[in-house]
Amino acid sequence: MNPESGSPPSPPVEPPRRRRSRTAAWVVAAGLIAVTAGSYSAAATPRPVITVAALAGTDWRAQQIVGIVNVERLKHGCGRVTANGKLTVAAQAHSDDMASRGYYEHATPDGQDPGARLTSAGYPWTRWGENIGKGAKDPRTAMTAWMKSSAHRSNILNCAFKEIGVGVSMRPNGPWWTQDFAAR
């Protein structure tokens, strides 16, 4: 536990790949939570490519997270992830929901897990991963915390993920951060 954040990391769980089926689907929630203080420097690294249409109207903090994610992925041999509007809507809704209802979990109090939220947002995923964070005051601090956690880092550097959505809620007792990674 980091004394500055007060939030201990939870054990990692990677969701299984989903086979496309018109009749049935199942999902497993990923238990990836951690926030620690730190800083990030992206000096002398390639500039990330961000799909502007998918981020239109998105908080600048979420846009910066996508950029830093792509810098990290490029440094570690993965291709860039592209911002996806449906993933962004799902991530933002989860950050807002955690903030408004006062919980800090991947599954909502009603039991809806990240896979179900992505499906509800209209994203036809074959695999997904989610990182959440609470308390990091800026995108660099949030990304530093995630990169220091092996479970979060594995989502960020998972080359199988091709798209991302990021949500941040700046409500009191936060901020609340959500990264949703996925592939179709």
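Helices here are DSSP runs of H or I with at least four residues and strands are runs of E with at least two, all numbered from the N terminus. On that basis the model, which is predicted, contains six helices and four strands, and reading along the sequence gives the pattern α-α-β-α-α-β-α-α-β-β. Of the 184 residues, 49% count as buried, and the accessible surface comes to about 8,600 Å², with 54% of that area belonging to carbon and sulfur atoms. Among contacts between residues at least 6 apart in sequence, 72% join residues at least 24 apart.

β4 is mostly covered, since eight of its eight residues are buried, where buried means under 20% relative accessible area. In a regular strand the side chains alternate between the two faces of the sheet. In β4, Trp176, Thr178, Asp180 and Ala182 point one way, whereas Trp177, Gln179, Phe181 and Ala183 point the other way, and all of them are buried. The pairing of β4 involves two other strands: eight bridges join β2 to β4 in an antiparallel arrangement, and seven bridges join β3, residues 163-169, to β4, again antiparallel. Within these pairings, Arg127 has Ala183 as its bridge partner in β4, while Ile164 is partnered by Phe181. The hairpin of β3 and β4 has six residues between the strands, and there Asn173 takes a positive phi near 70 degrees.

Helix α5, residues 139-148, is also mostly covered, with eight of its 10 residues buried. The buried residues are Pro139, Thr141, Ala142, Met143, Thr144, Ala145, Trp146 and Met147, and they pack against α2 (60-75), β2 (127-134), α6 (150-156) and β4 (176-183).

Charged side chains complete the picture. Side chains of opposite charge can pair when their charged atoms come close. The count of salt bridges comes to six. One of them joins Arg61 and Asp59, at 2.7 Å from N to O; Arg61 counts as buried at 17% relative accessibility, whereas Asp59 is partly exposed, with a relative accessible area of 25%.

Why are Asp97 and Arg101, as two residues of helix α3, separated by about one helical turn? The reason is that they are four residues apart in α3, which spans residues 85-101.

Arg184 is partly exposed, with a relative accessible area of 49%, and Glu163 is buried, with 14%. Finally, salt bridges that share partners join Asp97, Arg101 and Asp110 into one network.

Definitions and conventions: Residues are numbered from 1 along each chain as its sequence is written. This is a predicted model: local features need pLDDT of at least 70, side-chain atom pairs count only at pLDDT 80 or more; totals for chains, interfaces and linings use all residues. Side-chain values use heavy atoms; hydrogens and water are left out. Buried means under 20% relative accessible area, exposed over 50%, partly exposed in between (1.4 Å probe, protein chains only). Contact means heavy atoms within 4.5 Å. Accessible areas come from the Shrake-Rupley method with a 1.4 Å probe; for residues, only the protein chains shown count as cover. Two strands pair if DSSP finds at least two bridges between them. A salt bridge is a side-chain nitrogen of Lys or Arg within 4 Å of a carboxyl oxygen of Asp or Glu.
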